[in-house]
Amino acid sequence: MSAARIDAKQGGRWLGAYVLVYLVFLYLPVLLIPLFSFNDSIQAAFPLQGFTFEWYKTLSGNSALSGALANSLVIGAIAATGATLCGITVSYMDLFGRSPLAATISAIARLPILIPGVIVGISLLILVNLIGFGPSRTAIVLGHILVALPTTVVIMKSRFAAIPKTIREAALDLGASDWTTFRRVMLPLSLPAIVSAFMLAFLTSFDEFIVAFFLAGTEPTLPLYIWSQLRFPKSLPTVMALGTAILAVSFVIAAIAEILRHRGLAAARRPVPANLSKPEETERGELQWHST
Amino acid sequence: MSTIVARQPLPESRSSTGFRLAMLLPGGLVTFFLILFALGLVVFLALRGNDGSLLGAGFTFANFITVASDPLYWTVTLRSLAIAGLVTLATVVTAYPVAYYLAFHARRRRGLLLFLVTLPFWTSYLLRVFAWKIVLAYNGVLNSALIESGIWSEPTLAFLNTPAAVVVTLAHAYAPFAILPIYVALDTIPKSLLEAASDLGARPFTSFRRVVLPNSMPGVLAAALVVFVPTVGDYVTPALVGGPASTMIGSLIQAQFGKANDWPFGAALAVAVMLVILAVVLVVRSADRRFGSRI
């Protein structure tokens, strides 16, 4: 037994080293972007030439860039609102609606995971042309709602499922209507998850390129602006400075969202009085994409 | 004070129709209109001839016949499958030990590590691919680092614009997708199973092979699916780091809706991709059932 335990401990140490290497592989290429954004050379190559803020200075006063940034922010905010609203209602009805229609909607809402972005893009391109408004910021908003939908549904579903069933039943038993129960009990209890879902949906939209590529009219988003600049070797350092700013913002937003989500789920796992049934342990703190 | 309600109806029967309608409306609109109807349009368009108008003209199978008979599309489809398959294999195999460590060894570090492996998930995909472009370029990071350290004397073209570059870049871009499903599957294995295996005399490797691995297969399959689907239709990575020798099916679809301007044919290619994905999903489902899905 003790020999086996020592074995396991040594195995754990090797695995730990492997995890470290894996994390380096995960982060190193991305961290090269900030590194070379401060490098005083147009080439992203070693040896480093010297420290400069030059590329960050070129970012300010660029009207095409600030226009793209404004587009991305507006599209991100509207798409995240839409995706979060859908995520809340779809997962709530899936869990408590007791109807095959609600379950079907929830299953279809997670379908975009199984559709490559290029197909989401062209299907919406055909749709918006059929409706009449064509490629535009509205079209990108619709596309980004679809792309973010699986995330918001999964986050909200795991949050709602983690709220002890008895709380909702108590509200209903005490005479609260469905609407009151939803608005006064379930929504406040899941507020951290709602904020987290909104932020992650916003990030998904803010960083999304594949779908937006098909749906953009004359007003590009930030990733589309970056794509248009990649053709010109001269503008690579500027792209790296811009990329660094985007990465920094993404890391901060994602970090806050993850902390909120875990805090919300941890709160739900706090022990409840003995006469209340325990929250069902079916859902976990982690995202589960598999929908079977 | 307040009236006591004598009859206590079941909560469900009190569900007001208005509430249900309002709650089903946003999701219903999005799923039926934006997903199902829009996908239906793709299938419809795939069966039309191209006359330059939005919805084409006349019904025809010509698009599908071209897709099925032209060797070019077979080559590109098989290449896409090979690249996506390799990427899936690479991500799942490299992610498994990380998930295993998280589930069984991480202890107090688990929260931090989970956080670190999920963070890249939310950063820009375009920037992650772009990072590889500057790594692999002729006068890029890797070449200059190799020369600087004296390993090579002159830069090589061998990195960029190869299918291998596409595989590495995609494997890196989708790596965070694979860890979580495997971790969840490993973490939900009842600890009593492992104790039973060791009590009954199984050595660590045997209990891994006979208990842990089969029980984690649903997570492995889920991970394989979430990596395979976006990679098989990718067109950005081949365009940025792949070069002409690694054109994928997504690139062809994009071209039909762009330069080539043959939407019905592009739609037919999209339907073909969806059929391939459907086949993969069905295979995964049946494998999943064999291992007894717990997720």
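Figure 1. Chain A has 12 helices and 0 strands, where helices (H or I, at least four residues) and strands (E, at least two) are DSSP runs numbered from the N terminus. Of the 292 residues in chain A, 46% are buried (20 or more other C-beta atoms within 10 Å of the residue's own; exposed means 12 or fewer, and partly exposed lies in between).

**Figure 2. Contacts between chain B and chain A.** On chain B, 83 residues are in contact with 83 residues of chain A. Helix α1 (residues 17-46) of chain B supplies the largest share of this side, 17 residues. The side of chain B that touches chain A comprises 57 nonpolar, 20 polar and 6 charged residues; Ala, Val, Leu, Ile, Met, Phe, Trp, Tyr, Cys and Pro count as nonpolar, Asp, Glu, Lys and Arg as charged, and the others, Gly among them, as polar.

**Figure 3. The loop residue B:R107.** B:R107 lies between α3 (71-104) and α4 (110-118) of chain B. Although not a glycine, B:R107 has a positive phi of about 50°. B:R107 is exposed, with 7 other C-beta atoms within 10 Å.

**Figure 4. The loop residue B:N261.** The loop joins α12 (249-257) and α13 (263-291) of chain B. B:N261, not a glycine, has a positive phi of about 55°. B:N261 counts as exposed, with 12 C-beta neighbours inside 10 Å.

**Notes.** Residues are numbered from 1 along each chain as its sequence is written, and chains are lettered from A and ligands numbered from 1 in the order in which they are written. In this predicted model, local features need pLDDT of at least 70 and side-chain atom pairs count only at pLDDT 80 or more, whereas totals for chains, interfaces and linings use all residues.

Conventions. Contact = placed C-beta atoms within 7 Å.
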